[in-house]
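Me: I have a structure open and would like to talk it through with you. Can we go piece by piece?

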Amino acid sequence: MARLTRAQQQERTRAAVLAAAREEFAEHGYADAKVDRIAERAELTRGAVYSNFPGKRALYLAVLVDSVEHADAAGTPSSPGPAEAPPPSGLAEAMGAFARVWLERLPLTGDTPAGGRLQSRSLTGLFDDEPGRTALAQVTALEGLLLALALESHAPYGAGRTRLVRLAELALTLLAGAGHLADAAPGFGDPFDVARACRHLADLDLADAWDPPYLPYVTAAHLVREPWEPPPGLPDLITGRRAGFEADGVIAILGTGRLEAAEEAVRAARPGDRVTVAVVTGDPAEIGRLLRLRIGDLAGCLRRAFAPEARPRLRLVLDDGAAVASAAGIPDPGDATEAAVRIRAGTILSRARGRGAAHAAATADDSPADGPATDGSPTGGSPATWPGGAGE
């Protein structure tokens with residue numbers, strides 16, 4: 001037999017740990033699972049487990065990410081393969097279609113509590129620390145934006161000033177509540193009733209206009225006129241395809257504590273701009289996996305519920321090595337980072353940092369009458385043309 005390379009041996013060890021962990025979590029649940037038993041199931045040492053995963057939480061998240069990726073590749077029993085959805089005929093039908101796909105994960109009567117939670121990808125009790133809770137809230141806000149972008153393609157009214165983010169968040173709240181109840185009392189309630197309730201949410205008017213009161217006070221972007229050297233492509237968490245960074249548009253670099261700012265990048269972008277959100281975190285093993293889990297799970301639902309033309313055009317990458325942040329001139333990115341650049345014709349035209357950075361970079365006057373800036377100072381036109389005043 002050919003001798004395995006070091007990389008092949010590491011991959012085999014990792015696969016063995018994941019398989020053993022899946023069995024352990026399915027039998028005992030997250031709280032009662034033991035790393036020692038996982039190592040014994042995998043016929044490995046405890047040290048071999050920890051050399052691949054820093055702790056039980058990271059291992060549990062890795063098992064869930066692996067299940068999402070395999071489910072997306074294989075499809076479901078009722079919808080084999082990477083199914084393409086027929087286009088819903090309207091907003092209510094789109095809400096119902098998404099809800100039906102999402103609800104397929106719920107455990108049924110007779111499922112064991114541990115196995116049911118693993119099937120439903122439950123995170124109950126997993127994040128009881130403040131960084132984890134903050135990241136989970138921000139990832140959920142990002143999920144609401146992605147669902148809203150898909151729903152807005154079916155809205156019966158103009159998309160100029162009206163958005164469906166609050167409506168999408170309400171639908172996710174209803175679905176998450178059904179999921180938590182199914183964890184505690186499997187078999188209670190009818191998922192088809194929940195899906196019908198989501199359909200009726202489409203009739204609600206939440207007065208969701210895009211007019212945040214803080215935007216006039218956002219610090220102005222800097223006009224910089226620097227060469228843009230795009231980093232190597234990274235996997236797009238929404239499509240699964242590799243995303244390059246050569247096209248014109250806005251790149252927002254957001255820490256996992258500021259993911260809700262992705263909405264500003266989407267709303268402020270100009271027609272034809274490509275919007276990319278590069279997520280950075282100081283904890284890729286746990287918070288990074290949380291992002292991959294939740295966005296991968298949601299993206300799989302969107303692919304099955306919406307036709308390709310209705311899916312979000314936003315690109316989302318996990319910038320583990322900070323390659324995107326470094327290319328954009330953002331030093332020392334972390335979970336609290338909020339920054340953005342605007343790219344055109346191989347040049348960084350504007351850069352912004354802090355609250356409202358994506359809005360500032362996307363809307364900056366990048367055609368100054370006084371000539372291009374080369375020192376990073378905000379220039380061009382009168383101070384009144386800058387969002388939020390005369391700049392820093």
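Reply: Within helix 5, the buried residues are L91, A94, M95, G96, A97, F98, A99, V101, W102 and L103. Please keep in mind throughout that this is a predicted model.

Me: OK, and what do the buried residues of helix 5 pack against?

Reply: They pack against helix 7 (130–152), helix 8 (165–184), helix 9 (191–201) and helix 11 (284–305). Since 10 of the 13 residues of helix 5 are buried, the helix is largely enclosed by the rest of the structure.

Me: How far apart are the end C-alpha atoms of helix 5, and what span should its 13 residues have?

Reply: The end C-alpha atoms are 18 Å apart, and at 1.5 Å a residue the 13 residues, 91–103, should span 18 Å, so the two values agree.

Me: Switching to strands. Which strands pair with strand 9?

Reply: Strand 6 (residues 249–255) pairs with strand 9 in the antiparallel sense over six bridges, and strand 10 (residues 347–353) also pairs with strand 9 in the antiparallel sense, over six bridges.

Me: Is strand 9 mostly covered or mostly open?

Reply: Strand 9, which runs over residues 338–344, is mostly covered, with six of its seven residues buried.

Me: What about the hairpin of strand 9 and strand 10, how many residues sit between the strands?

Reply: There are two residues between the strands, and in this hairpin A345 takes a positive phi near 50°.

Me: Back to A352. Buried or exposed?

Reply: A352, which has its place in strand 10, is buried, with a relative accessible area of 3%. The cut-off for buried is under 20% relative accessible area, so A352 counts as buried on that basis.

Me: And which residues is A352 in contact with, leaving aside its neighbours within four places in sequence?

Reply: With those neighbours left aside, A352 is in contact with A221, E338, A339, A340, A357, A360 and A361. As for V218, its C-alpha is 9.9 Å from that of A352 in space, although the two residues are 134 apart in sequence.

Me: E338 keeps coming up. Which side chain does E338 meet in a salt bridge?

Reply: The side chain of E338 meets that of R258 in a salt bridge, at 2.6 Å from N to O. Because E338 lies in strand 9 and R258 in the loop between strand 6 and helix 10 (262–268), the pair ties together parts that are 80 residues apart in sequence. Both E338 and R258 are buried.

Me: How many salt bridges does a search of the whole structure find?

Reply: The search finds 25 salt bridges. One of them joins the side chains of R294 and E143 at 2.8 Å, N to O, and this pair links distant parts of the chain, with R294 in helix 11 and E143 in helix 7, 151 residues apart. E143 is buried, with a relative accessible area of 7%.

Me: What about E24 and R41? How far apart are they, N to O, and where do they sit?

Reply: The side chains of E24 and R41 meet in a salt bridge at 2.9 Å, N to O, with E24 in helix 1 (residues 6–32) and R41 in helix 2 (residues 35–42), 17 residues apart. E24 is buried, with a relative accessible area of 0%, whereas R41 is partly exposed, at 31%.

Notes. Residues are numbered from 1 along each chain as its sequence is written. This is a predicted model: local features need pLDDT of at least 70, side-chain atom pairs count only at pLDDT 80 or more; totals for chains, interfaces and linings use all residues. Side-chain values use heavy atoms; hydrogens and water are left out. Buried means under 20% relative accessible area, exposed over 50%, partly exposed in between (1.4 Å probe, protein chains only). Helices (H or I, at least four residues) and strands (E, at least two) are DSSP runs, numbered from the N terminus. Two strands pair if DSSP finds at least two bridges between them. Contact means heavy atoms within 4.5 Å. The expected span of a helix is 1.5 Å times one less than its number of residues. A salt bridge is a side-chain nitrogen of Lys or Arg within 4 Å of a carboxyl oxygen of Asp or Glu.
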